[in-house]
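Please have the sequence and the structure open while reading.

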Amino acid sequence: MKYFRFIWKNVFRKKSRAFLTLASIVLVLVLIVVLSSLLEAMEYDTGRTKGAANVVVQHATGLGNFMPLAYRQKIEQIPGVVAVAPQIWFGGIYIDERPQNFFGQLSTDPDVWAIVHDDYTIPGDQLKAWQSERDSFIAGRQLIDRYGWKIGDRIQLKGTYISMNLDLELRGVYTGPDESNIFFHNKYLENSFVGRLSQTGIFYLRTEAPERVPAICDAINRMFENSDAPVKAMPEKQFMLQFTEMMGNVKLLVRSIALTVLFTVVLIVANTMAMSARERVTQIAVIRAMGFRRRQVLVLVLSEAIVLALLGGVAGAAGSFPFTWGLIWLMKKTPVAMFAYNIKISGATLITAFAASVAIGVLAGFVPAIRSARISIVDGLRQVA
Amino acid sequence: MGIPLQYNLRNLVVRKVSTGMTVLGIALVVTVFLLVMSLAEGVRKTLATAVSPLNVIVLRVGAQSDVQSYVSRDQDEAIRTLDGLARGADGQPLVSPELVVLINIPKRDGKRTNVIVRGVEPVAFTIRGDSVRLVEGRMFQTGTSEAIVSTRERQRFPSMTIGGVLKAGSERWTVVGVFDAAGSPYDSEVWADLHNVQDQAHRTTGFSSVVARASDSGARDRLVAAVQGDLCIKLEAIPENDYFSKQMGTAKPIEFLAYFVAIIMAVGASFGAMNTMYAQVSARTREIATLRALGFSRAIVLVSFVLESVALGLAGGLLGAAIALVVVRLFLTAPTGTSNFATFAEILFNFQLTPALVASGVVFSLAMGLFGGLFPAARAARLKIINVLREA
């Protein structure tokens, strides 16, 4: 520690160089933080704990196919199942087709909604009001902020794959992990839509405990195995993962980008350190003549690189917050808007960024440090810089 | 008279390690940019590959794709009575009712994805002309649960070999042939017999869409207008090419990622170049002063150093483009897929590293060099001759 001042002075020996190197480290760390937050959002990993006891049942062929509503009673009888809500993804158009006006629209059974979605909260009177009016809906807090809806407002949704339009009145606002959806009565859909009257897209159900989920999924799958419409039951997380898996090898792509980015910044920082070490051959020869050992010189130069990288790391982590907010704002205008709401900077991501900056420092400082340690005193002193 | 460019180039060569690292840094930025952009370009190219400009696809009003659409038998009959339809050798209008079903099946890596199974009648092949043709095996037989798959899909799904069985829920199709759809979106689909798909999907009351071939481009526009105006049909018609280009939004998030990463990295890499150039200027102060004393003006010194930095950028750009080219040609030859947001199925495509993209990558690297060299060059130009020459 007593050499810290020496290291610090050397880091900022050339102000403009130190600033430029820091700036590139900061930018790269911002990128790393943003990319790993993106990955986490795609893996649906952002701090959801309660969803572990939930199961989603869909048609075995794929999501585009519907299942008989009559399955509900059979599923409800399976031991361990607390409540079952049939839900249909309406996918309607609100205002216009632009992606920023897209949000999840789900029909559900309001009587069991609060049980199956027990990680959501809604004021009791609002829940009652919603349950009692067939043409009403509730919306997540985020949507309320986005559109400025007030209780009693009406919205119109134009159907896309379900050929009907909805006219709904806002009766409540819920808060919870995913506040980007609205929920409305499935009776409203059933009564107005002929043909799929007795069918549903998915069953969303709550089980007694996460440990019971695998057995219940098996029981449901076996129950309808030989019917006209076989089903696939799975934990909620796995259901959500389907959507990101469908985006193909995006995760691999993002990972390889992050690695390349890291490698690039190591090159840049290593180059800076090498230049700085080359210019200081005389200085190093002098301290060696004063009695510093080779190993100490190595540690000193290496520490410089690490100090520089850590400074960049701290600034980069701090700087990544506004960048992430900007990215979320931009992403809301694309078809992947639904992932935008899941993006959060987690503690794990910040630790990754911190580790990355240490790695940058060590990797970039290693070669210049060894070279500096190898300088022979006589040659170093003879050289006129 | 300018300072010979050779002076700068030789200087770049003399400090091999430093130049090499800076060039490699810029090259990697260009590589990342090009690879991600060629992914987006692949999606675009697939959706822009025209099948036939005379084809019109008829969907339910409001449906964004045939997956969301429904057309009844009566509506299909009504479409057949419209004017301007091309006719086949048998004198029948070229109208193809089609039913699409999404099936969820595993890929080679074990993960599952959605694939479109399109039920068609033989007329569908006439309407697509030569752009959908059988390359291996045989055509499926009408009334059986046989199917043909595309060449791209065969590389991506283990079950898609001749004799293989596609299983999804209770639905089963046996693969008997392989087709090639000339890089169009149909290369992401499985084609089977219309009536069999209707039966297996329990959707016998109608179709997803109706594709019709117009006799000429004027007739196509009249056909589109006729469907829109017909109160009895109550459907929406769009030219098939427009239908696919409307789905271009699929490439947007990838392009966005490419620009986002590339711009941040580019700023970082030009800071690196700037460092290198600053170090050069301070190591060569006496040289610069000598040049100035010889009569080269400040402006010429400035241009000379900017050029040196641009050369650094150009070397990086060329190297980056070369790396990207090698990677795309050697390692990324297999088709890859992403979710098409309009159909909810996977769309398959190949990486497309077009000459235009390569050019944009090189321009990008020149910009990095220019930006990185400007300030150090300005410092070089401002050096005071007397002070520098007096030193040491």
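## Two helices side by side

In this predicted model, the axes of α2(A) and α10(A) cross at roughly 165° and come within 10 Å. Angles over 145 degrees count as roughly antiparallel, so α2(A) is roughly antiparallel to α10(A). The crossing in which α2(A) passes α10(A) is left-handed.

## Residues where the helices meet

Which residues of α2(A) meet α10(A)? Among them are Arg17(A), Thr21(A), Ser24(A), Ile25(A), Val28(A), Leu31(A) and Met42(A). From α10(A), the residues that take part include Val250(A), Lys251(A), Val254(A), Ile257(A), Ala258(A) and Thr272(A). Sorted by class, this contact has 17 nonpolar residues, four polar ones and two charged ones.

## The contact with chain B

Chain A also touches chain B, in a contact that takes 44 residues from chain A and 53 residues from chain B. On the side of chain A, the elements that give two or more residues are α2 (15-42) and α10 (250-279). The largest share of that side comes from α10(A), with 13 residues. By class, the side of chain A that touches chain B has 23 nonpolar, 17 polar and four charged residues.

## Domains of chain A

The domain assignment divides chain A into domain 1 (4-45 + 248-382) and domain 2 (61-229). How far apart do the C-alpha centres of domain 1 and domain 2 of chain A lie? The distance between these two centres is 47 Å.

Note on methods: Residues numbered from 1 in each chain as written. Chains lettered and ligands numbered in written order. Predicted model: local features only at pLDDT ≥ 70, side-chain atom pairs only at ≥ 80, totals over all residues. Domains from an automatic or database assignment. Contact = placed C-beta atoms within 7 Å. Helix = DSSP H or I, 4+ residues; strand = E, 2+ residues; numbered from the N terminus. Nonpolar A, V, L, I, M, F, W, Y, C, P; charged D, E, K, R; others polar. Axes fitted to C-alpha atoms, helices over the stretch in contact; angles between N-to-C directions. Parallel < 35°, antiparallel > 145°, perpendicular 65-115°, else oblique. Left-handed = near helix turned anticlockwise from the far one by under 90°.
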